[in-house]
Amino acid sequence: MPNHTYIYENQAALYELMVSKQPLLSDVIARIAPYSGRYILDLGAGSGRLTAELANKAASVTATDLSPAMLDVLRERLARLDARTPVLTYAADHRQLPLADQSFDLVVSGWSICYLTQSHLPEWSDNLAAVMNEIDRVLKPGGSMIILETMGTGYTEPHPPEFLKPYYQALEQEYGFRHDWLRLDYTFDSVEQAAELTRFFFGDELGDTVKRNNWSVVPECAGIWWKRK
């Protein structure tokens, strides 16, 4: 499996190209928590996939990520879009956010908390508790939190990784999140691009599967969890 920490620090632009091939999520988020005119925190914003969408209607967006390189790509992306909504960026750990109490109406986090909550980490449960505490601290009363994570790349039905199942169960059973899943297939420009980019991020096994199946559209299932404070 490729080293994602290395990718986020050194290949952020290539990562951004890959995720740009998935559908937009603003309508999905709006159905759960209307965000027009709201103050939003994008936790683990990466290259700005969610930030760029939500900034169109939000009052402001604050984007945090552990990787300064990813935030550089985010800022470059927003400059190209000429986004008028204020966007603040902070390089920060999810467990210790440099943000004031009760600052946000909505906290979103896409494909990020999972790096702290994989079951092979002895401290995964403590990590999750720390993240949940920080989200609760910065969220206004009545605010909402929405988490997106993988339910399987290369699958047409949910197939969550074994090492993330305890985390997902904890979200629902310990922290009271509701849950659903959706398809977020990658639509690449060609089979060759699909094989190259999936191999880059997901590894040789998926890259070989994409090539063997002649896929330019690569199936992806995502889980979505949400909760109101």
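Buried means under 20% relative accessible area, exposed over 50%, and partly exposed in between (1.4 Å probe, protein chains only). The model is predicted: local features need pLDDT of at least 70, side-chain atom pairs count only at pLDDT 80 or more, and totals for chains, interfaces and linings use all residues. Residues are numbered from 1 along each chain as its sequence is written, and side-chain values use heavy atoms, without hydrogens and water.

Q: Which residues of H7 are buried?
A: Helices (H or I, at least four residues) and strands (E, at least two) are DSSP runs, numbered from the N terminus. H7 spans residues 165-173. Its buried residues are Tyr-167, Tyr-168, Ala-170 and Leu-171.

Q: What do the buried residues of H7 pack against?
A: Contact means heavy atoms within 4.5 Å. The partners are helix H6 (124-138), strand S5 (139-153) and S9.

Q: How many residues apart in sequence are the parts that Tyr-168 and Trp-225 tie together?
A: Rings of Phe, Tyr and Trp (its six-membered ring) pair if their centres lie within 6.5 Å; planes under 30 degrees apart are stacked, over 60 edge-to-face, the rest tilted. Tyr-168 and Trp-225 form a tilted pair, 4.6 Å centre to centre with 35° between the planes. Tyr-168 lies in H7 and Trp-225 in strand S9 (residues 220-228), so the pair ties together parts 57 residues apart.

Q: What is the angle between the planes of Phe-201 and Phe-202?
A: Both residues, Phe-201 and Phe-202, are buried. Their pair is edge-to-face, with 5.1 Å centre to centre and planes at 85°.
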